[in-house]
Amino acid sequence: DPFSSDPERHPVLRINNLKPFNAEPPPEILSESYITPNVFFFKRNHLPVPRIDPESYKLTVEIQGPNRERGGALSLSLDDLKNKFPKHTVTATIQCAGNRRSDMHKAKQVKGLNWGIGAIGNGTWSGAKLRDVLLAAGYSPDDANWARHVQFEGLDQDVAGTTYGASIPLRKAISEDGDCLLAYEMNGEELPLDHGFPIRVIVPGTVGARNVKWLGKIIVSDVESSSHWQQNDYKGFSPSTDWDTVDYKTAPAIQELPIQSAITVPADGAIVDRSDEEVTLKGYAWSGGGREVVRVDVSIDGGKTWKIAQLKSSDKEQTAGAMAPPPGQAWAWKLWELTVPLPADTEEMEVVCKAVDSSYNMQPDSILPIWNLRGVLSNAWHRVKVKIQE
Ligand code: MTE
Ligand code: MO
């Protein structure tokens, strides 16, 4: 069994698939703390978890050259990454492209893991800056004439030896404010086995799939990764595209994700007591590409009328003058909260949320117009029904 050396996991996780392991926390855990604890952070593995000896671990960094002719590669040990490069810390949300796929699946069948709203988490990551490592490997500004992409290869592999791989635009990898990390710590702890021990790349603002875990190799190239997951998966299509007509070459790989929000509390189908008089609604909101969430609107009448939720960017009381991230570098989610009186005239509330980002991008109101055969990019208004008990 190639999965026999997979680590133990927290029993509260809801398992979507056991081998490879794919699981998410119950929704209410997501809004209990601004930083998602490691054990509750969703796990999305395509392959068995590799057991890597940190003593003999080597990361290879290659700069291919315009005709793939540049020889030589930098080889770095874990100690090198920890000691030869300044340590940077970034708080960034990671969301899977398939988060909320179950909502899309309910509207019309899709192919993929049936994620609820929990394929997202917010972590504080520490490691070497990808930019610093690329420069140490000999990347020079002249290379921008031909280099377009930075490819990542994982050390996890299937029985045929195929490894996980992905790539990101060079500009994101090399820019000072792209904040890409080669992370060896997650929330102040050593990177857990499920999250890429000993090294994973953190690409803030970018879809989970490009945040390659168990990183073995980095290649600066003129082309994208040739991996299945870059070329023939993680792309969006028209609702009119079906499995007979889909041509993966016609769509760009997903990188930055669109605006997203969801209700974590109460759960769909929850019952509240009339005598409570009010109910507190909670959730998360996040947008890709470093776009800050500037507002979350919440409705308890199915979207007829709206109230503005309170936003939190930490667990502490927000002090006046606290530093907001620079524009374009808002990598972390916001948690939102709203307490509303229970409506007198009804026994059922339909709670709806929708978020707005700094580019005034907003979520679509319904799913069918954004439906796609793989069920990715599922970001329509989130809705839950709540019963009021007399
Ligand atoms: N990296 C490797 N090597 N193998 C993988 O299967 N899955 C990707 C990405 N990096 C994956 C990987 C996907 S699709 C997602 S959503 C994130 O890791 C999930 O990260 P997490 O398990 O730390 O939450
Ligand atoms: Mo993913």
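This is a predicted model: local features need pLDDT of at least 70, side-chain atom pairs count only at pLDDT 80 or more; totals for chains, interfaces and linings use all residues.
Me: What makes a pair of side chains a salt bridge here?

Reply: The term requires a side-chain nitrogen of Lys or Arg within 4 Å of a carboxyl oxygen of Asp or Glu.

Me: Why are Arg131 and Glu176 called a salt bridge?

Reply: Their side chains meet with N and O 3.5 Å apart. The cut-off is 4 Å, so the pair qualifies. Arg131 belongs to helix 4 (residues 130-136), while Glu176 sits in the loop between helix 5 (170-174) and strand 10 (181-186). The two residues are 45 residues apart, and the pair thus links distant parts of the chain. Across the whole structure, the search finds 21 salt bridges.

Me: How do you know that a salt bridge joins the two domains, and which residues form it?

Reply: The chain is divided into domain 1 (14-250) and domain 2 (260-389). Across their interface the rule finds one salt bridge. Arg374 pairs with Asp233, and the closest N and O atoms are 3.0 Å apart. The limit is 4 Å, so this pair also meets the definition. In general, side chains of opposite charge can pair when their charged atoms come close.

Me: What else crosses the interface of domain 1 and domain 2 as polar contact?

Reply: The rule finds 23 residue pairs in polar contact there, with both residues at pLDDT 80 or more. On the side of domain 1 that touches domain 2, helix 1 (27-30), strand 6 (87-95), helix 3 (101-107) and strand 7 (120-129) each supply at least two residues. Strand 6 gives the most to this side, with five residues. By class, the residues of this side are 18 nonpolar, 17 polar and twelve charged.

Me: How do you know that domain 1 and domain 2 bury area between them, and how much?

Reply: Buried area is the accessible area that two parts lose on being put together, summed over both. For domain 1 and domain 2 the value is about 3,600 Å², with carbon and sulfur atoms giving 60% of this area. Tyr34, Arg100 and Met104 supply 24% of the area that domain 1 buries against domain 2, more than any other three residues. In terms of contact, 47 residues of domain 1 touch 39 residues of domain 2. The C-alpha centres of the two domains are 27 Å apart.

Me: Which peptide bonds are called cis?

Reply: One cis bond joins Phe197 and Pro198, with omega about 5°. Another joins Val265 and Pro266, with omega about 0°. Most peptide bonds are trans. Pro198 is placed in the loop between strand 11 (189-190) and strand 12 (200-202). Pro266 is in the loop between strand 14 (260-265) and strand 15 (270-273).

Me: Why is the chain called as compact as a globular protein of its length?

Reply: The chain contains six helices and 22 strands. Its radius of gyration is 21 Å, and the globule rule gives 21 Å for 390 residues; the two values are close, so the description holds. Along the principal axes, the C-alpha atoms fill a box of roughly 75 × 55 × 45 Å.

How values were computed. Residues are numbered from 1 along each chain as its sequence is written. Chains are lettered from A and ligands numbered from 1 in the order in which they are written. Side-chain values use heavy atoms; hydrogens and water are left out. Domain bounds come from an automatic or database domain assignment. Contact means heavy atoms within 4.5 Å. Buried area is the accessible area (1.4 Å probe) that two parts lose on being put together, summed over both. A polar contact is a pair of N or O atoms within 3.5 Å; within protein, one must be able to donate a hydrogen and the other to accept it, and residues adjacent in sequence count only if both atoms are side-chain atoms. Helices (H or I, at least four residues) and strands (E, at least two) are DSSP runs, numbered from the N terminus. Ala, Val, Leu, Ile, Met, Phe, Trp, Tyr, Cys and Pro count as nonpolar, Asp, Glu, Lys and Arg as charged, and the others, Gly among them, as polar. The radius of gyration is taken over C-alpha atoms; the globule rule is 2.2 Å times the number of residues to the power 0.38.
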